[in-house]
Amino acid sequence: MRTFALLSVCLFVACKHQEPAPAPAPAPAAQPGLAADTQGVPGSKDLQGLGALPPLMTEEAAHRAPVKIPVEKLFDALAKGGVELASKHQVLARTAGAAYCMLGVTKDTIAIAACEYPSHDAAVAGEKLLDTRYKKLVPDAVRAVNGSTLVTVANADSHPAVRDRVFETFKAL
Amino acid sequence: MKLRDCWIGGAVALAATLLAPNIVSASSHREAPFITKMPKVDGTDFYMFNSYETGRAGYVTILANYVPLQPKYGGPNYFTLDPDALYEIHVDNNGDGVEDLTFQFDFDQKLGNNGSGIALNIGGTNVAIPLAAAGPLANVTEPAQNIIETYTLGVVRGPRRGSAPTLVTNIGDGTTTFHKPFDDAGQKTVADYPTYANKFIANFDIPGCTPTGVGAGTHSRVFVGQRQEGFAVNLGQVFDLVNFNVSALGVNAPVAGEADLTGAQDQGKNVTADQNITTLAIEVPASCLTKDASSPVIASWTTASVRQARVLNPTATFDNPSREGGPWVQVSRLGSPLVNEIVIGLPDKDKFNGSEPKNDAQFAAYVTNPTFPALIEAVFGATGMLAPTTFPRADLIAAFLNGVPGVNVTGSTLYEALRLNTAVPATAQASQSSLGAATCFATPVDNAHGPALALSQAGCDPAGYPNGRRPGDDVVDIELRVAMGFLLDQNHAPIRAAPLVDGAEVDANKLQAVFPYLNNPTPGNEGT
């Protein structure tokens with residue numbers, strides 16, 4: 001008990017009335033300016049900081065199904081057909097019951113999600129799953145299946161010609 | 001003496017403590033941020049709204065919740081507040097991010113039987129009992145109560161450490177002491193908890209303020225005590241990487257138990273429904289909080305602070321388990337809901353807890369370039385959904401750092417706090433929308449013009465979050481939608497209109513409509 005009392009006294013003497021040094025004057029806060037022209041570009045190109053999510057997607061990337069139309073083939077064909085993507089990145093496939101998915105975005109912020117499935121039947125079932133379960137999340141989504149690949153085009157109501165070109169390209173592969 | 005010297009002194013003292021014989025050293029193996037080690041000073045929710053209890057127009061109610069996730073059973077010690085901490089509610093009424101008025105709660109606790117503890121004569125020897133209550137409790141002071149908590153309520157004008165607080169007077173007994181009710185151990189200890197708890201609501205007047213706009217003969221009120229947790233959230237799935245209907249690896253029906261991100265607001269997912277909380281509640285005239293009648297917007301936040309140094313007593317007693325000294329160090333801070341949970345990055349969460357709003361520029365990037373929407377897009381991108389693609393997120397600056405134009409802007413200084421326009425009339429409880437003032441925005445034409453306020457819009461309830469926050473506001477659903485671009489135009493936020501939910505219900509009509517507004521706690525014996 002005596003030790004405790006002595007230590008307490010030492011600590012009190014050491015810290016008595018000691019307010020922390022005042023913080024340096026803050027830098028002027030950045031004022032909100034007009035939005036940068038980042039349409040079509042996702043908020044993050046690097047998801048490594050998202051804990052368990054990157055390993056899940058790495059696993060999905062390592063176990064892709066052999067499909068007639070890999071997502072890269074579709075995106076290459078779209079680029080050749082004049083549908084330029086401002087960004088593209090992998091997204092979680094299990095959300096769509098798929099083996100592997102990528103999300104491409106045009107500069108007009110049209111979403112083109114492409115997912116690979118183990119079979120044609122699985123892709124058709126995936127289309128049904130997305131149509132029913134996520135209808136309220138993306139109400140304007142339009143989907144098509146070719147072989148065992150599923151394509152979703154969303155946010156394209158203002159650009160129907162682009163949407164049509166995506167599906168024409170996809171079906172021609 | 002410099003701060004570093006204090007640390008050296010503390011380190012030497014603590015090292016000596018560890019090396020000294022017969023002294024117990026404690027350790028913690030948890031890797032969570034610092035505040036998880038100090039639940040008694042962990043602020044969990046903060047509410048501020050124009051009072052909607054009948055006859056209380058002109059008053060503002062402020063609720064600060066502490067001691068998170070209290071199970072309904074909690075004996076034998078239950079959930080006392082920290083008598084060595086300082087709990088504060090700050091109000092800024094001129095938009096500079098510095099408090100102009102602070103309410104300080106300073107708690108004390110002692111054993112019953114005049115501080116010696118209730119004892120029983122066992123075979124001729126008086127032996128102290130191990131329980132916190134020795135019999136039924138029905139009144140503010142009871143001989144059967146074995147742990148008694150009291151507090152003072154001080155008011156500081158200007159910077160919180162700039163002057164000593166002026167203690168307010170408990171109008172009920174003329175003292176400066178207020179009592180905190182015993183937690184709801186169960187009906188055998190407190191037969192009628194609502195009646196019992198209401199006896200601890202005390203009247204006071206704010207020193208130096210003559211209120212206007214309130215009913216004649218009415219006073220400010222204060223209550224501190226256990227309440228049922230009012231914050232509804234699907235905690236488990238939200239923090240499991242937003243694990244909403246995504247775990248099905250096949251194409252079957254949604255896995256049982258998963259929340260539907262666009263389903264009903266109430267999917268039975270409120271994991272905190274039977275938890276309790278400790279609420280610090282005050283109800284004070286708006287005219288005593290605002291700068292003047294022409295400046296009705298106030299910003300507020302709560303903090304908890306502890307002394308910088310603590311030395312554990314190796315021969316602890318009830319009154320003297322440790323010794324604290326040094327300046328106050330703020331360890332908890334809370335204004336708008338969920339900011340430190342889903343906006344501030346993990347490396348800075350404890351820094352945020354220790355920070356003051358006037359220095360919030362250091363956290364601006366977390367708001368202007370948020371990570372949460374990127375997570376949502378990574379999880380749900382296969383559906384074709386997109387996160388907002390505009391940076392910096394001026395809409396989030398308005399929602400969190402500056403106030404919504406036309407509603408509760410506090411000025412040009414950007415800082416995080418809960419903002420309230422005290423001139424917006426309260427909405428009666430039965431008419432409140434759980435989506436609060438989020439119901440008052442139309443689709444923006446473009447981002448350059450900011451959020452499109454439409455107060456005449458059908459269903460608009462401007463008296464709710466983010467114009468203050470009421471217990472019945474579903475802030476999780478509101479913030480989910482705002483994070484995904486509800487205040488942006490369609491070009492920059494394609495799913496801005498999606499009815500996102502976490503599946504945990506919040507309904508104002510299931511909460512009490514009178515001060516302190518949060519329901520009575522779930523009794524400790526219920527279901528056990």
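A residue is counted as buried when its relative accessible area is under 20%. In the predicted model described here, A:Val162 has a relative accessibility of 17% and therefore counts as buried. This valine belongs to helix α5 of chain A, which spans residues 160–172. Beyond residues up to four places away in sequence, A:Val162 touches A:Val83 and A:Ile110. The C-alpha atom of A:Val162 is separated by 34 Å from that of A:Pro55, a residue 107 positions away along the chain.

Chain A as a whole contains five helices and five strands, arranged along the sequence in the pattern α-α-α-β-β-β-α-β-β-α. Of its 173 residues, 47% are buried. Among contacts in chain A with a separation of 6 or more, 57% are made by residues 24 or more positions apart. The accessible surface of chain A amounts to about 8500 Å², and carbon and sulfur atoms contribute 58% of this area.

Nonpolar packing was examined next. The largest nonpolar core comprises 131 residues, and B:Tyr87, B:Phe103 and B:Phe105 have the most contacts inside it. Leaving out residues up to four places away in sequence, B:Phe103 touches a set of residues that includes B:Tyr87, B:Glu88, B:Ile89, B:Leu153, B:Val155, B:Ile206, B:Ile282 and B:Leu289. A second, separate core has 19 residues, among them A:Leu78, A:Val151, A:Val153 and A:Ala156. On the surface, B:Leu120, B:Ile122 and B:Val127 form a nonpolar patch whose accessible area is about 260 Å² together.

Helix α9 of chain B, residues 475–483, is mostly covered, with nine of its nine residues buried. After α9(B) comes B:Gly485, which has a positive phi near 105°.

Over all chains, the structure holds 22 salt bridges. In chain A, the side chains of A:Glu72 and A:Arg64 meet in one of these, with an N to O distance of 2.8 Å. Both partners are partly exposed, A:Glu72 with a relative accessible area of 32% and A:Arg64 with a relative accessibility of 29%. A:Asp131 and A:Arg143 form another salt bridge, in which the closest N and O atoms are 2.7 Å apart. This pair links distant parts of the chain, since A:Asp131 lies in helix α4 (residues 120–133) and A:Arg143, twelve residues apart from it, in strand β4 (residues 142–146). The accessibilities of the two partners fall into separate classes: A:Asp131 is partly exposed at 33%, whereas A:Arg143 is buried at 12%.

In chain B, the closest N and O atoms of the salt bridge between B:Glu88 and B:Arg161 are 2.9 Å apart. B:Glu88 lies in strand β3 (residues 85–92) and B:Arg161 in the loop between β7 (147–157) and β8 (166–167), so the pair ties together parts that are 73 residues apart in sequence. B:Glu88 is buried, with 0% relative accessibility, while B:Arg161 is partly exposed, with a relative accessible area of 32%. Salt bridges that share partners also join B:Glu53, B:Arg56, B:Arg221 and B:Glu283 into one network.

B:Ser287, in the loop between β12 (276–285) and β13 (297–312), is partly exposed, with a relative accessible area of 26%. The side chain of B:Ser287 reaches the backbone nitrogen of B:Thr212 at 2.9 Å. Apart from neighbours within four places in sequence, B:Ser287 is in contact with B:Cys209, B:Pro211 and B:Thr212. The C-alpha atom of B:Ser287 is separated by 8.8 Å from that of B:Val214, which is 73 residues apart along the chain. B:Asn313 is found in the loop between β13 and β14 (322–334) and is buried, its relative accessibility being 6%. A polar atom of the B:Asn313 side chain lies 2.9 Å from the backbone oxygen of B:Asn320.

Methods. Residues numbered from 1 in each chain as written. Chains lettered and ligands numbered in written order. Predicted model: local features only at pLDDT ≥ 70, side-chain atom pairs only at ≥ 80, totals over all residues. Heavy atoms only, no water. Helix = DSSP H or I, 4+ residues; strand = E, 2+ residues; numbered from the N terminus. Buried < 20%, exposed > 50% of the residue type's maximum accessible area, 1.4 Å probe, protein only. Contact = heavy atoms within 4.5 Å. Areas by Shrake-Rupley, 256 points an atom, 1.4 Å probe, with all protein chains shown as cover. Patch = residues over 30% accessible without salt bridge, like charges linked within 9 Å, V, L, I, M, F, W, Y side chains within 5 Å. Salt bridge = Lys/Arg side-chain N within 4 Å of Asp/Glu carboxyl O. Polar contact = N/O pair within 3.5 Å; in protein donor to acceptor, adjacent residues only side chain to side chain. Core = buried A, V, L, I, M, F, W, Y, C linked by side-chain atoms within 4.5 Å.
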